[in-house]
Structures are given as C-alpha cells and as structure tokens.
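Colleague: I am new to this structure and would like to learn how to read it feature by feature. Could you take me through it, with the general idea before each case?

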Amino acid sequence: MDKIVRIDMGAEGGPKVSFEPVGEYAGLGGRAVTSLIISKEVNPLCHPLGDENKLVIAPGMLSGTSGAMSGRLSVGCKSPLTGTIKESNAGGQAAQVLARIGYAAIILEGKPKGDDLYKIIVTPDDVKVEIDNSLKMLNNYPLIEKLRAQYGDKVAYMSIGSAGERLMLASSIACTDPELRPTRHCGRGGVGAVMGSKRVKAIILDDAGRKQRAPKNPDAFRDANRIFVEGLRKHPVTGEGLPAYGTNVLTNVLNEAGGYPTRNFTSGVFEGGAKLSGESLAEMETRRGGKATHGCHRGCVIQCSGIFNDKDGNYLTKQPEYETVWAHGGHCGIDDLDTVAKLDYMDDNFGLDTIEMGVTIGIAMQAGLAEFGDSEGAIRLLEEVGKGTPLGRTLGSGAGITGKVFGVEKVPVVKNQAIPAYDPRPIQGIGVTYATTTMGADHTAGYAIATNILKVGGDVDPLKTEGQIELSRNLQIATAAIDSTGMCLFIAFAILDQPETFQAYIDMLNAFYGTELTADDVVELGKKVLTAERDFNKRAGFTSADDRLPRYFYTDPIAPHNQTFSMSDEELDGVYNW
Amino acid sequence: MPDTPSLELQLPKDHLANFFPLFQEGVEVEVEVGHTVRQMLMEQFNISRDYQANRITTIFLNHKAVDDAAAALIEDGATLALSGAMPGLVGATMRSGGHLAAMRDGMTYRNPEQAPATGRGRIRLKLFNLLLPELAPRILLHGILLEPQRLRSLFAEQPESFHTGGRLPTADKRLWENEHLELRVLFGDRNP
Ligand code: SF4
C-alpha cells in the first residue's frame, strides 16, 4: 500500500489516471486516510455533488494481510445528506483486494461533462476507466451478475444501484461479500450519490497474482494475530453472542430497556419485539436452510452475519443487522421478519442506506402515506424509490427532506441524518454522541468501548454528572482510532475486557509496520482524525447550534421511563474540549 | 400453587428451542420474593454465583438496568429479564456495573425506599440470547405459569414430531378453564 491512485473524472479528453506515492499517509488506513485527504483537499463549501468534491476509498492498515478482522473499507467525501465530512465503512472483500493490489487510496475527483457512465478496473498492473452505458440504471444484484459474466468471480466489486445514479441522498456504495453478492454497504451519508455524480457505476478490483501483504516482522505478526484471534474466540460477545445471533441480538435487550424507538420514536417498547429478535431471526435462518453464522469477508473470525432464505428456502438477502431490523421493523410498527428481509434486499439492490430508508418510511407513515404496521405499504413506498418516481425521489432524499415535504413536525435527524436504533432519552450518553459527532446522528461514532484500557482523557468517574460527556468524547476518539486501522469495530468488546487482546491488536500493527506504536499513539491518531473532521465541518459553516438533538427530544418524554433528553448546551459543547 | 392445575411433560432435548419464544416474551414463575436477584436465582433456580457473574451480565428489573444483582430486591409482580453480554455501545452500556453505566443513568434500577415484603409471589421472567438454552431447562423444571391459550398456541405452531413427545390433555377441562396453568417440562430422550 505504497501508492495512491487519483482519477480525475472531469479531465479534458476523458478521465485521467495518475499515481503518486502514499507520502504523508504512509502507515495510515481507513478513516484516517479518507478524512485527512478530504479535510486537506476538498473545499468545505463545495457542493457535495459538484466537481470539487472527492470520493476517497481506503482499505484499513492491516487489510490484505493474514490479520483477522482487517477487511473494513472506508469511503470518505463531503456528504450530500449532511453537508459535513463523511466516512462510511463496510465489510466485504473490497478492502482486502484493494490492499493486496497495493493502493492506500483511490481518489475520485472532478466530474465528467456528458451523460456517459463509467466503470473502473483496478489491477496490479493498471487502472482503466471505461465507458459502459450498458450498465445504466441497473440495480446492484443484476449489475453484479452482468459484471461477473465479464470479470469473473475472483475479483471484488464496488457499485452503486439506481439510487446512486439518481443522486439520492440516502444512496450507498455496495461491496460484494465472499459469495459475490452486493450485500455490504458503505451506507450512511449519501456516498453513493457522490460516486454517481462522478458517473462511476462500478469499480472492479482484481488482485490476480498478488499474495497477502507481508509483515516486516512475520513471526511477531503471526504470534500477535494468534493471541488476538484467541481473545476474540474466548470472549462471550465476539466468540458466542455475535456468531450465534448477529447484531440483532440487541432487539430484545433494547426493547426490554425501553430504549427501542417504536413507531417514529413515540414509545420505547415495541410489543412485537420478540418476533423481530436476533434469537427468532437465527432460528428462522437455520430452519430455512440459510445460515445464522457467516463472515462478511474472508478473515473474519467473529462472523456476526448470516444468510436469510425465504419461506421456500431460496436466498433472499444477508442477515439484516439490528439497525436495519429496527428501522424497517419497530420504527415502522412492523413485526414480520420476512417483510424486513425483503426491504433489506430492496435497499441493497437499489443501493440505499437501510437506516435512512427505514426511518424515512416511518416518517412517511407518520405523514399518512401508509399506516404504521402496514408491510405492503412499506414495500410499496420503497418500490417508488426503486422506480425513481417523484415520490420515490423524495423518500430517497432521506428522513429530513421527507419530513419537510410532508409537513411532519417530529423527525429524528441530526445534521439531517436519521437517528438510529437507540432512543437517546433513556440512554442519554448516546444522545450526546448523536448530537456532537462529526458525521450526523451515528451510533457507530462512539461505538468502540475500549476507553478504559486506552485511558483516553484519563479515568472517568461514571457517577459524576459529566460522566456522559466524558464517555462520549472518549468513545468518539477510540472509534476514530479503530476506524483508522480498518478493523471491524466489533473487536472492541474483546479489547474492552481483555487487556492481552488489546495488546495483541497493537502488537499486530507494530509487527506489520515495524513501528513501536503505543496505546497513546492510537489515541493521538483518533484525536487527529476527529480534529481534522471537526475543522472541516467548521469551515463548512457548522456551529455548536448544529450539535443538538431535535427539540422534541428535550420536551416529549418517552415511555416507559418518561424521560426527556436533559443534557445542557454547555455540556454538549464541552465534548470536543481536549 | 395449590389451586393452579398443572401439567407435566417429558420431551426430547431437541424440543427445548420450541419454548424459547415463550421465554423471550416472558413467563410467570412463582418464587420467594423480597430477596435480591442474586439470592433468588441461587435459591429458587440453583444458578450458581459464578454462573451469574460470568454469564448473566445484563439484567433488567422492571425495564431498568441492574448494576448490582446482590442488592436489587425483587417484589411481587416484578418483571426480571436476564441476558448475556451484548454487543454495541448500547449493549455495553446496559452491562451490569459496567464502565459505561453513566450513559444510561436515568434508567438504572434503584431499590424503592420501602423494602418489598418477603413471601411467595409471582414474577415475570424473561430470558434472552445465550441464556435461553442454558437456563430455560431449569426454569421449565421449576415450573412456569401460563395462560392456557399461550400453551395451545405454542403447541399449534409445532411440527408433528413435537406432539409425539407430549400431547396436550385437551379433555381435561380444569386445565383449560383456569386463568393460568402450571407447566413443568423435563427434557430427556425417554418417551413419556
Ligand atoms: S464481525 Fe460481522 S461486520 Fe465484523 S467483519 Fe465479521 S461479519 Fe463483518
């Protein structure tokens, strides 16, 4: 990963490819690369779909190695949904293959003038940009089928569906999984529309002839990786809970906690929760001949994913994540997993963020376009998005815009991005993160939970009132750091409880790069990334007034705890004081 | 439960999972109330202190997260939900006594000022995720109280193989006309 490839899609005479050394980004990966490049090179005041915006695609620091869990791919740009900087990441095979080819980043810049649609073929020898108008308006599943016929099964594909081509603000970039299905999405923030604005329909990554990246110190790397994997396997979350039930194991618990936003955040408990639970989903998948345990990329030892078959035992979609099941399920008052799975498939096929679309459908239900609980109605609304009708384009613009178009007063968005599956009133700490993250409402921004080991910001007394601010700050720093290494965030649970697993993680990085990173260095990396992101947003015009939850979270209590969000503005403004 | 009609079934072990939906929604159990969660689980269900500490890492009492099972008191009519360790930030936040407990301070369980009365009582018990296969057998052995309709629905949803292990005595009117029936299930490979 010693090179960056830059593709100027708007160059005179057609797209121009150039190569440059990795330079100041050497030894970095994932979110560190995307956010530092965007922050440095993109005018924060640019239109996100204009020629000044860039789309940066970066594998993780250990992607393409034999290291476990190292296959997350980050995509960064100025977000058309939020107007902020954006990093969105996904599993799938793309990061591993791109890293083995040898690129630390692909930067797409400029914008072609005409209406032609392009595909980019990246191999170890070359990067080709070709016009292929036969791909126009294909959705992800048929698109990948067509590309496979030409490029085969030994490559990884990144693509946009019709939503990205139509520049919808909820559109995603799909990455294929080990079975070559377009099921892993850089979902949040409308990154698909940025790729669409550059008229790039697909990127084909072919690492033929390339081996795994070699560590500087192979023995130490192998040993550290072994300890790391052992740590993941022995921890109850990463070794048992996630493999058995996936992230949807959270449904029952959130529902029991009264923190499961139901029917557009009007209650914290959904009476149909048990029917949507990870436990029910895993049982259904196994009974129908699917899989309750499956990795989104090779090298994943946790395997939190699965395969969902329909009633006849035929593949329908991958195992929907907790947030997807919530957005299309409880948020819409729907308690039927078959409906949720179908909506998940449609999202993947059209190329849409499942959280944004699910929340949007709930807003449409609030507006009276369908009843809460109406499965057919939800499918019908999403079909409109696939067809690109005026209604579909409105819905595909996300919850914020849909709420405005239909005059819905209470719309759960921060910086115009839909709040995900955890109500911030009973769980105030996550509300702090939703409000203040650089990305718009995002549950993963403060997801990593290794702060007690990283000791970011020193030890926190959880009993003090400021504990929640401190924790949110520390979580955001730790997440930025883990995102920058390109590891799946789910490693965080083993790291939290097992210091030797955390040490093995640092040892892997050091053995690979021949460095002597400490936990402090990892924290500093997290801070550096957040500082750059925050600075970008400030230059884009964002102020502390944008770091707030919608007003109704402060005024409308939610059952069963009857709480409102009570963090003061001053407290929220203190999150970035370091 | 002297006035509650009871039904005892013996089923093959591979039918255990058929009862999981009941436990996710919650079943009523009769226990000694007025004691701590830890004590109740140890004394009523023989769940060891070690198991509780290592496996039951997320506990809700009346929808509130419990940080100290050795202090939280169970009263008659309470709802108790038990779960293994959860992923995600919020999962970690809910963990008993976890580092992130401050993030859900407003929904943390606190004992009422007046200690609940001790004696026999009924609570609603829920089991989630990894604890389902591990704890459901001993709860079913202890006996659960069910509305007859829930038991009928459960049986109606099962494949024929399930019924060979335990047919419902549908003719026993007393069983079906009461508000609740007590169900005890023994799991083993011997047919009844
Ligand atoms: S744990 Fe889940 S999300 Fe993470 S790499 Fe594995 S399958 Fe993908």
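Colleague: Which residue lies over the face of A:Tyr576, and at what distance from the ring centre?

Modeller: Please keep in mind that this is a predicted model. The residue over the face of A:Tyr576 is A:Arg534, which lies at 4.0 Å from the ring centre. A further case is A:Arg181, whose charged end sits over the ring of A:Tyr315, 3.6 Å from the centre of that ring.

Colleague: How should I read two rings that pair with each other, and how many aromatic pairs does the structure hold over all chains?

Modeller: A pair of aromatic rings is described by the distance of the centres and the angle of the planes. Over all its chains, the structure holds 15 aromatic pairs. In one of them, A:Tyr141 and A:Tyr345, the ring centres are 4.9 Å apart and the planes stand at 40°, so the pair is tilted. This pair links distant parts of the chain, since A:Tyr141 belongs to helix α3 (residues 140-151) of chain A and A:Tyr345 to helix α12 (residues 337-350) of chain A, 204 residues apart. A:Tyr141 is buried, with a relative accessible area of 14%, whereas A:Tyr345 is partly exposed at 25%.

Colleague: What are the distance and the angle for the rings of A:Phe502 and A:Tyr505, and in which helix do both residues lie?

Modeller: Their centres are 6.1 Å apart and their planes are at 45°, so this pair is tilted. Both residues lie in helix α21 (residues 499-513) of chain A, where they are 3 residues apart, about one turn of the helix. A:Phe502 and A:Tyr505 are both buried. Elsewhere, ring pairs join A:Tyr260, A:Phe270, A:Tyr322 and A:Tyr422 into a cluster.

Colleague: Which residues have the most contacts inside the largest nonpolar core?

Modeller: They are A:Tyr422 and A:Leu549, in a core of 93 residues. The largest share of this core, 6 residues, is supplied by helix α22 (residues 519-539) of chain A. Leaving aside its neighbours within four places in sequence, A:Tyr422 is in contact with residues including A:Leu250, A:Tyr322, A:Tyr434 and, from the other chain, B:Val90. There is also a second, separate core, which has 49 residues, among them B:Leu7, B:Leu11, B:Val29 and B:Leu154.

Colleague: How is the size of an interface read, and what area is buried between chain B and chain A?

Modeller: The size of an interface is often given as the accessible area lost when the parts come together. Here about 3300 Å² is buried between chain B and chain A, and carbon and sulfur atoms give 69% of that area. In chain B, the residues that lose the most area to chain A are B:Pro87, B:His99 and B:Met103, which together account for 21% of what that side buries. Counted by contacts, 35 residues of chain B meet 40 residues of chain A.

Colleague: Is helix α1 of chain A largely enclosed or largely open, and how many of its residues are buried?

Modeller: Of its 12 residues, 10 are buried, so helix α1 of chain A is largely enclosed by the rest of the structure. Among the buried ones are A:Arg31, A:Val33 and A:Ile38. The helix covers residues 30-41 and reaches 17 Å from its first C-alpha to its last, close to the 16 Å expected at 1.5 Å a residue.

Colleague: Where is A:Asp207 found, and is this residue buried or exposed?

Modeller: A:Asp207 is found in the loop between β12 (200-205) and α6 (218-234) of chain A. At 10% relative accessibility, A:Asp207 counts as buried, because the cut-off for that word is under 20%. Not counting residues up to four places away in sequence, A:Asp207 touches A:Val97, A:Arg100, A:Ile101, A:Pro124 and A:Lys154.

Conventions: Residues numbered from 1 in each chain as written. Chains lettered and ligands numbered in written order. Predicted model: local features only at pLDDT ≥ 70, side-chain atom pairs only at ≥ 80, totals over all residues. Heavy atoms only, no water. Helix = DSSP H or I, 4+ residues; strand = E, 2+ residues; numbered from the N terminus. Expected span 1.5 Å × (residues − 1). Buried < 20%, exposed > 50% of the residue type's maximum accessible area, 1.4 Å probe, protein only. Phe/Tyr/Trp six-rings, centres within 6.5 Å; stacked < 30°, edge-to-face > 60°. Lys NZ or Arg CZ within 6 Å of the ring centre and 35° of its normal. Core = buried A, V, L, I, M, F, W, Y, C linked by side-chain atoms within 4.5 Å. Contact = heavy atoms within 4.5 Å. Buried area = accessible area lost by both parts, 1.4 Å probe.
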